[in-house]
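Here is a short report on one protein chain.

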Amino acid sequence: MTAHRQESNCECHWGSAEELALLKTPDVPLDDDLLRRTYWTTDWHYPGPLLRRILPQLTQSLVAGRVEPMAGMESLGLLFTAGRWQEWPTGQQDALREFVDAWWLHVLVEPDAKVPAHEALTLLAEATTKLAPWLAIWAELLVDAVARRRLVTAVDEWVDDLLSDALPWSSWHNEDTWCPALSLWVLRHAPAVLREHDASIELHDYIRLLGLPCADRWD
(Lines give C-alpha, C1' and ligand atoms only; values in the text may rest on other atoms or scores of the structure.)
Protein backbone atom coordinates (compact mmCIF):
# COMPACT_ATOMS: atom_id res chain seq x y z
CA MET A 1 0.00 0.00 0.00
CA THR A 2 1.06 3.60 -0.54
CA ALA A 3 -0.03 7.07 0.50
CA HIS A 4 -2.29 8.81 -2.01
CA ARG A 5 -0.33 10.08 -5.01
CA GLN A 6 -1.60 13.64 -4.33
CA GLU A 7 -0.79 13.53 -0.61
CA SER A 8 1.30 16.45 0.61
CA ASN A 9 2.43 18.14 3.79
CA CYS A 10 4.49 21.08 4.96
CA GLU A 11 8.22 20.53 4.52
CA CYS A 12 8.94 23.00 7.33
CA HIS A 13 6.90 21.09 9.91
CA TRP A 14 6.59 17.52 8.71
CA GLY A 15 9.53 16.51 6.53
CA SER A 16 11.18 16.59 3.15
CA ALA A 17 9.86 15.83 -0.30
CA GLU A 18 12.14 12.80 -0.35
CA GLU A 19 10.51 11.46 2.81
CA LEU A 20 7.04 12.08 1.39
CA ALA A 21 8.09 10.13 -1.69
CA LEU A 22 8.91 7.15 0.55
CA LEU A 23 5.30 7.10 1.75
CA LYS A 24 4.22 6.86 -1.88
CA THR A 25 6.54 3.92 -2.50
CA PRO A 26 5.35 0.46 -1.39
CA ASP A 27 7.35 -1.90 0.83
CA VAL A 28 10.14 0.53 1.67
CA PRO A 29 10.88 0.48 5.43
CA LEU A 30 10.55 3.81 7.19
CA ASP A 31 13.01 4.75 9.90
CA ASP A 32 11.60 5.23 13.40
CA ASP A 33 11.75 9.02 13.21
CA LEU A 34 9.87 9.22 9.91
CA LEU A 35 7.28 6.71 11.12
CA ARG A 36 6.74 8.71 14.31
CA ARG A 37 6.36 12.04 12.51
CA THR A 38 3.88 10.42 10.15
CA TYR A 39 1.56 9.05 12.82
CA TRP A 40 1.92 12.22 14.89
CA THR A 41 0.55 14.33 12.03
CA THR A 42 -3.21 14.90 11.98
CA ASP A 43 -3.65 17.07 8.88
CA TRP A 44 -3.10 14.53 6.11
CA HIS A 45 -5.39 15.07 3.15
CA TYR A 46 -5.90 11.33 2.54
CA PRO A 47 -5.50 9.65 5.93
CA GLY A 48 -6.93 6.29 4.86
CA PRO A 49 -4.22 5.41 2.31
CA LEU A 50 -1.61 6.97 4.60
CA LEU A 51 -2.65 4.72 7.50
CA ARG A 52 -2.61 1.64 5.28
CA ARG A 53 0.92 2.55 4.15
CA ILE A 54 2.36 2.71 7.67
CA LEU A 55 0.16 0.09 9.33
CA PRO A 56 2.55 -2.91 9.06
CA GLN A 57 5.34 -1.02 10.82
CA LEU A 58 2.98 0.76 13.18
CA THR A 59 1.48 -2.50 14.47
CA GLN A 60 4.96 -3.97 14.94
CA SER A 61 5.97 -0.88 16.89
CA LEU A 62 2.87 -1.15 19.06
CA VAL A 63 3.68 -4.70 20.04
CA ALA A 64 7.30 -3.75 20.71
CA GLY A 65 6.30 -0.74 22.82
CA ARG A 66 8.10 1.72 20.53
CA VAL A 67 5.09 3.89 19.64
CA GLU A 68 5.39 7.40 21.09
CA PRO A 69 2.02 9.14 20.74
CA MET A 70 2.15 12.91 20.79
CA ALA A 71 -0.57 13.32 23.43
CA GLY A 72 -1.58 9.94 24.81
CA MET A 73 -2.86 6.92 22.92
CA GLU A 74 -6.04 8.81 22.07
CA SER A 75 -4.02 10.93 19.65
CA LEU A 76 -3.03 7.79 17.77
CA GLY A 77 -6.64 6.64 17.86
CA LEU A 78 -7.54 9.83 16.02
CA LEU A 79 -5.45 8.66 13.05
CA PHE A 80 -7.47 5.45 12.88
CA THR A 81 -10.72 7.40 13.09
CA ALA A 82 -9.62 9.80 10.37
CA GLY A 83 -8.50 6.85 8.26
CA ARG A 84 -12.09 5.49 8.30
CA TRP A 85 -10.72 1.96 8.44
CA GLN A 86 -14.18 0.50 9.01
CA GLU A 87 -15.02 1.50 5.43
CA TRP A 88 -11.99 -0.26 3.92
CA PRO A 89 -12.40 -3.37 1.77
CA THR A 90 -13.52 -6.36 3.81
CA GLY A 91 -10.18 -8.16 3.74
CA GLN A 92 -8.34 -5.10 5.03
CA GLN A 93 -10.89 -4.52 7.80
CA ASP A 94 -10.64 -8.17 8.83
CA ALA A 95 -6.86 -8.03 8.97
CA LEU A 96 -6.90 -5.02 11.27
CA ARG A 97 -9.61 -6.50 13.48
CA GLU A 98 -7.61 -9.71 13.78
CA PHE A 99 -4.60 -7.71 14.90
CA VAL A 100 -6.39 -5.58 17.51
CA ASP A 101 -8.15 -8.63 18.98
CA ALA A 102 -4.88 -10.51 19.29
CA TRP A 103 -2.99 -7.50 20.62
CA TRP A 104 -5.59 -6.85 23.33
CA LEU A 105 -5.29 -10.43 24.56
CA HIS A 106 -1.51 -10.11 24.49
CA VAL A 107 -1.59 -6.88 26.50
CA LEU A 108 -3.88 -8.36 29.12
CA VAL A 109 -2.27 -11.75 29.79
CA GLU A 110 1.35 -11.68 28.66
CA PRO A 111 3.71 -10.67 31.49
CA ASP A 112 6.17 -9.10 29.06
CA ALA A 113 3.62 -7.00 27.14
CA LYS A 114 5.19 -3.61 26.45
CA VAL A 115 2.07 -1.39 26.53
CA PRO A 116 0.06 -0.94 29.74
CA ALA A 117 -3.50 -2.20 29.44
CA HIS A 118 -5.03 1.18 30.29
CA GLU A 119 -3.10 2.78 27.41
CA ALA A 120 -4.05 0.01 25.01
CA LEU A 121 -7.70 0.39 26.01
CA THR A 122 -7.57 4.09 25.18
CA LEU A 123 -6.27 3.38 21.69
CA LEU A 124 -8.70 0.54 21.02
CA ALA A 125 -11.73 2.50 22.23
CA GLU A 126 -10.82 5.53 20.14
CA ALA A 127 -9.85 3.53 17.05
CA THR A 128 -13.00 1.38 17.07
CA THR A 129 -15.40 3.95 18.67
CA LYS A 130 -16.43 1.21 21.13
CA LEU A 131 -15.53 0.71 24.78
CA ALA A 132 -17.81 -2.02 26.10
CA PRO A 133 -16.45 -4.94 24.03
CA TRP A 134 -12.88 -4.36 25.24
CA LEU A 135 -14.01 -4.11 28.86
CA ALA A 136 -16.04 -7.30 28.46
CA ILE A 137 -12.98 -9.21 27.26
CA TRP A 138 -10.94 -7.85 30.16
CA ALA A 139 -13.62 -8.96 32.63
CA GLU A 140 -13.60 -12.46 31.17
CA LEU A 141 -9.83 -12.64 31.51
CA LEU A 142 -9.73 -11.60 35.16
CA VAL A 143 -9.33 -15.29 35.96
CA ASP A 144 -5.74 -14.68 34.82
CA ALA A 145 -3.32 -13.25 37.39
CA VAL A 146 -1.65 -10.94 34.87
CA ALA A 147 -4.97 -9.45 33.77
CA ARG A 148 -5.80 -8.77 37.43
CA ARG A 149 -2.47 -7.00 37.98
CA ARG A 150 -3.16 -4.92 34.89
CA LEU A 151 -6.47 -3.86 36.47
CA VAL A 152 -4.76 -2.70 39.66
CA THR A 153 -2.41 -0.51 37.61
CA ALA A 154 -5.28 0.83 35.51
CA VAL A 155 -7.44 1.73 38.49
CA ASP A 156 -4.55 3.62 40.06
CA GLU A 157 -4.17 5.59 36.82
CA TRP A 158 -7.89 6.22 36.33
CA VAL A 159 -9.31 6.88 39.76
CA ASP A 160 -8.59 10.62 40.08
CA ASP A 161 -10.39 11.36 36.81
CA LEU A 162 -13.27 8.99 37.50
CA LEU A 163 -13.86 10.59 40.90
CA SER A 164 -14.39 13.87 39.05
CA ASP A 165 -16.78 12.18 36.61
CA ALA A 166 -14.21 12.62 33.85
CA LEU A 167 -13.03 10.03 31.36
CA PRO A 168 -9.30 9.35 31.94
CA TRP A 169 -8.48 10.38 28.38
CA SER A 170 -9.66 12.97 25.87
CA SER A 171 -12.18 11.30 23.59
CA TRP A 172 -13.63 12.36 20.25
CA HIS A 173 -16.53 9.94 20.60
CA ASN A 174 -18.75 9.08 23.57
CA GLU A 175 -17.10 10.66 26.59
CA ASP A 176 -20.43 11.36 28.34
CA THR A 177 -21.49 7.71 28.19
CA TRP A 178 -18.08 6.06 28.41
CA CYS A 179 -17.18 7.69 31.73
CA PRO A 180 -20.11 6.25 33.74
CA ALA A 181 -19.71 2.91 31.95
CA LEU A 182 -16.04 2.73 32.92
CA SER A 183 -16.80 3.79 36.51
CA LEU A 184 -19.46 1.09 36.82
CA TRP A 185 -17.09 -1.51 35.39
CA VAL A 186 -14.39 -0.52 37.89
CA LEU A 187 -16.86 -0.67 40.78
CA ARG A 188 -17.92 -4.13 39.70
CA HIS A 189 -14.50 -5.69 39.17
CA ALA A 190 -11.86 -3.72 41.06
CA PRO A 191 -12.62 -4.22 44.79
CA ALA A 192 -11.81 -7.94 44.92
CA VAL A 193 -8.70 -7.50 42.79
CA LEU A 194 -7.44 -4.61 44.93
CA ARG A 195 -7.86 -6.71 48.08
CA GLU A 196 -5.96 -9.56 46.48
CA HIS A 197 -3.03 -7.29 45.64
CA ASP A 198 -2.93 -5.43 48.96
CA ALA A 199 -3.65 -2.09 47.34
CA SER A 200 -3.32 0.98 49.52
CA ILE A 201 -6.09 1.95 51.94
CA GLU A 202 -6.34 5.23 50.06
CA LEU A 203 -7.09 3.46 46.78
CA HIS A 204 -9.73 1.29 48.48
CA ASP A 205 -11.31 4.44 49.90
CA TYR A 206 -11.34 6.11 46.50
CA ILE A 207 -13.16 3.15 44.98
CA ARG A 208 -15.76 3.31 47.76
CA LEU A 209 -16.18 7.02 47.06
CA LEU A 210 -16.65 6.25 43.37
CA GLY A 211 -19.86 4.46 44.32
CA LEU A 212 -21.35 7.71 45.64
CA PRO A 213 -22.91 10.51 43.56
CA CYS A 214 -20.26 13.02 42.59
CA ALA A 215 -21.80 15.77 44.74
CA ASP A 216 -21.49 13.59 47.88
CA ARG A 217 -17.96 12.22 47.40
CA TRP A 218 -16.07 14.94 49.22
CA ASP A 219 -18.71 15.82 51.80
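Arg-208 and Asp-205 form a salt bridge through their side chains, with an N to O distance of 2.2 Å. The model is predicted. Both residues sit in helix α10 (residues 201-210), 3 residues apart, about one turn of the helix. Arg-208 counts as exposed because its relative accessibility is 56%. Asp-205, with a relative accessible area of 33%, is partly exposed.

Elsewhere, salt bridges with shared partners link Glu-19, Asp-33, Arg-36 and Arg-37 into one network. The structure holds 6 salt bridges. One of them pairs Glu-19 with Arg-37. Glu-19 belongs to helix α1 (residues 17-23) and Arg-37 to helix α2 (residues 32-40), so this pair ties together parts that are 18 residues apart in sequence. Glu-19 and Arg-37 are both buried; for Arg-37 the relative accessible area is 18%. Arg-37 also meets Asp-33 in a salt bridge. Asp-33 and Arg-37 are 4 residues apart in helix α2, so about one helical turn separates them. Asp-33 is partly exposed, at 35% relative accessibility.

| Salt bridge | N to O distance |
|---|---|
| Glu-19 and Arg-37 | 2.6 Å |
| Asp-33 and Arg-37 | 2.9 Å |
| Arg-208 and Asp-205 | 2.2 Å |

Which residues form the negative surface patch? They are Glu-119, Asp-156, Glu-157, Asp-160, Asp-161 and Glu-202. Helix α8 (residues 145-163) supplies the largest share, 4 residues. Glu-119 comes from helix α6 (residues 117-128). Its relative accessibility is 33%, so Glu-119 counts as partly exposed.

Helix α8 also holds Ala-147. Ala-147 is buried, with a relative accessible area of 0%.

Cys-10 is in no disulfide, and its nearest cysteine sulfur, that of Cys-12, is 4.3 Å away. A disulfide needs the two sulfur atoms within 2.5 Å. Cys-10 is partly exposed at 31% relative accessibility, whereas Cys-179 is buried at 6%.

Now the overall fold. The chain has 10 helices and 0 strands. Its C-alpha trace spans about 60 × 35 × 30 Å along the principal axes. Of its 219 residues, 44% count as buried.

Technical notes. Residues numbered from 1 in each chain as written. Predicted model: local features only at pLDDT ≥ 70, side-chain atom pairs only at ≥ 80, totals over all residues. Heavy atoms only, no water. Patch = residues over 30% accessible without salt bridge, like charges linked within 9 Å, V, L, I, M, F, W, Y side chains within 5 Å. Areas by Shrake-Rupley, 256 points an atom, 1.4 Å probe, with all protein chains shown as cover. Salt bridge = Lys/Arg side-chain N within 4 Å of Asp/Glu carboxyl O. Lys, Arg positive; Asp, Glu negative; His and termini not counted. Charge placed at Lys NZ, Arg CZ, Asp CG, Glu CD. Helix = DSSP H or I, 4+ residues; strand = E, 2+ residues; numbered from the N terminus. Buried < 20%, exposed > 50% of the residue type's maximum accessible area, 1.4 Å probe, protein only.
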